[in-house]
Amino acid sequence: MTLEFTLTRSAQPVAGDTRQGVLAEPGFGRHFTDHMVSIDWTVDGGWHDARVEPYGPLQMDPASAVLHYGQEIFEGMKAYRRANGSVWTFRPEENAKRMQRSAARLALPQLPVDDFVEAVRQLVEVDEAWVPEGGENSLYLRPFMIANEVFLGVRAAQTVRFMVIASPAGPYFAGGVKPVSIWLSTEYNRAGKGGTGAAKCGGNYAASLLPTQQAAENGCAQVLFLDESGSDLEELGGMNVVLVKADGTLVTPESESILDGVTRNSLLQLAADAGHTVERRPVTLSEWRDGVADGSITEAFACGTAAVLTPIAALKSPDEVIGDPDAPAGPVATSLRKQLTDIQYGRADDRHGWMHRLTGAR
Ligand code: COI
């Protein structure tokens, strides 16, 4: 049985002209809409009390489990406004299913896919005016789940809350879609065998912050992690990585400790549709280094919901620079980015049935 949602409208929504000012230049992750979704779970009662309520601070007991042991997972999605005003999202069932897999790993309860998608729809319906128009702006949606049981024993929490918040968003990187340089972390790993690398949990991102700081100190936008052997590529601090070969083959790391990116899967599908060979397999750092040196690797890009597709101009480490930090975006990255965003904004045929209408006309 799917959940029924109640709606309590905000008594103090942001004024229309203030909202328009935010939508004109949203940045990333700084402004939030007027409402949020909450659904509670208890071990005895299951999921209940689904509600859309005014956005605001949570009252939490300082002994809530999430504050101590990090039992938390999240997702990233976007709502896109089309030229006719309707609002759509992209493959929401994929995010719902991934959240179920993350929940299983973090010993959190699984929210049914239909309830997840309905939660997102409910929030976008009430905060529809916050979905930006034009350009590549969108409403970034952040579903997340926290262990809110008041208990300091180290075991899976018996009370949990699922929430969705929304934030109007422009490009994730300050330079927009300009190619970025990436810092190779030679000191830290992101994940290990049997760890939480494939789960979208806060702890993975917390562990990436120090290396990301080092990346910034070296003029790089993101950090790239290798596996624990120091040989194979894993992923970036907050997105997947793909290499493009001169013969048109796309290569991306395959490992149990990498996030199964919805954006990456979709881009690789579009590439396969266009006749590219796609290889998902272990990829070594030497392959990247040697391929750039001998011309057999011509492009690299980062991909994720927030960043969409961002070309990687160069990979830097204390010892070397692979690629040219001033290289322009390559043709494969540019074309795939356009194909994906055209589908997301309704400018191209949605031949895979990826788009899901949230509000407005078709
Ligand atoms: C996303 O791409 O949606 C993410 O969750 C990654 C985060 C760096 C914003």
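Where does the largest cavity lie, and which domains give residues to its lining? I took this up first, working on a predicted model.

**Entry 1: the largest cavity.** I searched the whole structure and found 3 cavities of 30 Å³ or more. The largest cavity has a volume of about 90 Å³. I listed the 13 residues that line the largest cavity; the closest to its centre are Tyr-80, Phe-90, Thr-263, Thr-305 and Gln-344. Two or more lining residues come from each of S5, helix H6 (262-273) and helix H8 (331-344). S5 gives the most, with 3 residues. By class, I noted 6 nonpolar, 6 polar and 1 charged residues in this lining. Domain 1 (5-169) and domain 2 (180-344) both contribute to the lining, so the largest cavity lies between them.

**Entry 2: strand S7 and its partners.** I next followed strand S5 (residues 77-81) to S7, with which S5 pairs in the antiparallel sense over 3 bridges. Here Ala-79 stands opposite Leu-139 in S7. Strand S4 (residues 72-74) also runs antiparallel to S7, joined by 3 bridges, and Ile-73 has Met-145 as its bridge partner in S7. I then traced 10 bridges from S7 to strand S8 (residues 159-169), again antiparallel; in S8, Val-160 is the bridge partner of Ala-147. I recorded 9 of the 10 residues of S7 (residues 138-147) as buried, so S7 is largely enclosed by the rest of the structure.

**Entry 3: helix H4.** I checked the span of helix H4 (residues 113-126): its 14 residues reach 20 Å from first C-alpha to last, close to the 20 Å expected at 1.5 Å a residue. Among the buried residues of H4 I noted Asp-115, Phe-116, Gln-122 and Val-126.

Methods: Residues numbered from 1 in each chain as written. Predicted model: local features only at pLDDT ≥ 70, side-chain atom pairs only at ≥ 80, totals over all residues. Heavy atoms only, no water. Helix = DSSP H or I, 4+ residues; strand = E, 2+ residues; numbered from the N terminus. Expected span 1.5 Å × (residues − 1). Buried < 20%, exposed > 50% of the residue type's maximum accessible area, 1.4 Å probe, protein only. Pairing = 2+ DSSP bridges. 1 Å grid on protein atoms, 1.4 Å probe; cavity = no way out; pocket = protein on both sides within 12 Å on 5 of 7 lines; lining within 4 Å. Points joined across faces, edges and corners; volume = space filled by probe spheres on them. Nonpolar A, V, L, I, M, F, W, Y, C, P; charged D, E, K, R; others polar. Domains from an automatic or database assignment.
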